[in-house]
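This report covers contacts, ring pairs, salt bridges and surface features. The sequence and structure come next.

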Amino acid sequence: MWRLLARVNQNLTLAIPVMMLAGFAVGVLFEVQGMRSMIIPLTFLMVYPMMVNLKIKKVFQGGDFKAQWLTQALNFGVVPFLGYGIAMLAFPDRPYMALGLVLASLVPTSGMTISWTGFARGNLEAAVKMTVIGLTLGSLATPFYVQWLLGAQIAVDMGAIMVNIALIVFLPMAAGFATQQFLVRRYGQQVFQQELSKKFPPLSTLGVLGIVFIAMALKARAIAAEPVTLLLILLPLLGFYFVNFLLSTLVGKWFLPRADAIALLYGSVMRNLSIALAIAMTAFGPAGSDAALVIAAAYIIQVQSAAWFVRLTDRVFGPVPEGQGQMAAAVQK
């Protein structure tokens with residue numbers, strides 16, 4: 001079973017469209033409102049496993065202040081407004097679809113930030129810190145950004161959003177850290193790192209696929225009545241990721257050495273779509289399914305674009321300096 005889950009985790013670009021199609025078929029054929037009761041348990045399944053591998057202690061290590069500062073400046077000073085601007089152009093009369101793009105732009109980094117940085121032979125230590133800092137700041141800032149940017153278009157219950165973020169981010173974060181410490185004490189750091197830690201990301205993927213399935217099922221009949229909706233969602237997402245990749249690449253090349261520039265790229269372009277999806281489905285009631293549909297589509301573009309950019313890394317940032325490749329490989333092991 002673990003091998004099957006791991007393969008699914010490695011093929012999200014295929015698994016997510018399959019689940020979207022399955023959700024669409026089920027939603028068209030059957031009454032699916034009862035599926036809403038599964039949102040909370042699937043949300044916990046989605047978020048908790050990725051928190052177990054979060055290396056919170058790395059935040060307190062120095063050495064890459066410039067890369068961290070530039071990354072968070074992009075994450076909170078540029079990307080949310082890029083997402084908001086594109087959302088207003090693409091969804092002027094669909095505020096909850098606009099919310100989906102705004103939520104995706106507000107919560108930076110994911111576990112894949114570290115993975116893609118490693119694949120491209122960037123600064124893994126910096127990527128780990130970016131992931132922890134970005135997730136924490138993004139979760140705290142999201143209610144205020146949503147109220148500021150979309151408060152005039154949608155009903156924003158600040159208290160409800162904060163409670164939901166506490167339940168779907170900080171509670172699983174605390175539980176994940178406690179689980180990590182228990183497993184390290186019980187089995188040792190080496191066994192945890194090389195064996196146990198690898199079992200958690202596939203579990204998170206199950207939660208993601210379940211939420212994507214439900215989000216699509218809940219909107220299936222509306223999409224069937226207006227099939228152009230999916231095209232209207234994909235085009236602004238393509239624009240959002242294209243501009244984000246371009247901007248992060250230029251900032252990295254201008255201001256940072258190669259390894260730090262790669263970490264900045266994946267620390268600012270990769271969005272924590274799992275958290276965004278959880279917030280959309282738990283904090284905004286039935287209307288949140290519109291936002292969730294946009295976020296589900298973003299998974300396809302984010303994973304595919306990140307994979308393609310890894311292939312272009314040496315052309316964009318130059319070849320790996322002699323000796324750095326072996327160091328990166330050793331760190332990944």
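## Surroundings of threonine 117

Beyond its neighbours within four places in sequence, threonine 117 is in contact (heavy atoms within 4.5 Å) with Gly122, Asn123, Leu124, Ala127, Ile262, Ala263 and Tyr266. This is a predicted model, in which local features need pLDDT of at least 70 and side-chain atom pairs count only at pLDDT 80 or more, while totals for chains, interfaces and linings use all residues. Residues are numbered from 1 along each chain as its sequence is written, and side-chain values use heavy atoms, with hydrogens and water left out.

Threonine 117 is part of helix α7; helices are DSSP runs of H or I with at least four residues, numbered from the N terminus. Its relative accessibility of 0% makes threonine 117 buried, where buried means under 20% relative accessible area, exposed over 50% and partly exposed in between, with a 1.4 Å probe and protein chains only.

## Aromatic rings

The whole structure holds eight aromatic pairs. Rings of Phe, Tyr and Trp (its six-membered ring) pair if their centres lie within 6.5 Å; planes under 30 degrees apart count as stacked, over 60 as edge-to-face and the rest as tilted. One of the pairs is edge-to-face and joins tryptophan 116 and phenylalanine 119, at 5.4 Å centre to centre and 75° between the planes. Both residues belong to helix α7 (residues 111–119), where they are three residues apart, about one turn of the helix. Tryptophan 116 is buried at a relative accessible area of 10%, whereas phenylalanine 119 is partly exposed at 48%.

Phenylalanine 240 and tyrosine 241 make another edge-to-face pair, with 5.2 Å between centres and 80° between planes. Phenylalanine 240 has a relative accessible area of 1% and is buried; tyrosine 241 is buried too, at 2%. Elsewhere, ring pairs connect Phe81, Tyr145 and Trp148 into a cluster.

A ring also takes part in a contact with a charge: the charged end of arginine 311 sits over the ring of tryptophan 308, 4.4 Å from its centre. The criterion is NZ of Lys or CZ of Arg within 6 Å of the ring centre and within 35 degrees of the ring normal.

## Salt bridges

Six salt bridges are found in the whole structure, each a side-chain nitrogen of Lys or Arg within 4 Å of a carboxyl oxygen of Asp or Glu. In the bridge between glutamate 226 and arginine 94, the closest N and O atoms are 2.7 Å apart. Glutamate 226 is in the loop between α11 (200–225) and α12, and arginine 94 is in the loop between α5 (79–90) and α6 (95–106), so the bridge ties together parts that are 132 residues apart in sequence. Both ends are partly exposed: glutamate 226 at 35% relative accessibility and arginine 94 at 22%.

Aspartate 290 and lysine 219 form a salt bridge with an N to O distance of 2.5 Å. Because aspartate 290 is in helix α15 (residues 288–317) and lysine 219 in helix α11, this pair ties together parts 71 residues apart in sequence. Aspartate 290 and lysine 219 are both buried.

Arginine 258 and aspartate 314 meet in a salt bridge of 2.8 Å, N to O. Arginine 258 belongs to helix α13 (residues 258–269) and aspartate 314 to helix α15, and the pair links distant parts of the chain, 56 residues apart. Arginine 258 counts as buried at 11% relative accessibility, while aspartate 314, at 36%, counts as partly exposed. Salt bridges with shared partners join Arg121, Arg258 and Asp314 into one network.

Arginine 121 is located in the loop between α7 and α8 (124–150). Its relative accessibility is 33%, so arginine 121 counts as partly exposed. Arginine 121 has a phi near 60°, a positive value in a residue other than glycine.

## Nonpolar surface patch

Phe242, Val243, Leu246, Leu250, Trp254 and Phe255 make up a nonpolar patch on the surface, together exposing about 630 Å² of accessible area. Patches consist of residues with over 30% relative accessible area and no salt bridge, with like charges joined within 9 Å and nonpolar side chains (Val, Leu, Ile, Met, Phe, Trp, Tyr) within 5 Å. Accessible areas come from the Shrake-Rupley method with a 1.4 Å probe; for residues, only the protein chains shown count as cover.

Notes. Helix = DSSP H or I, 4+ residues; strand = E, 2+ residues; numbered from the N terminus.
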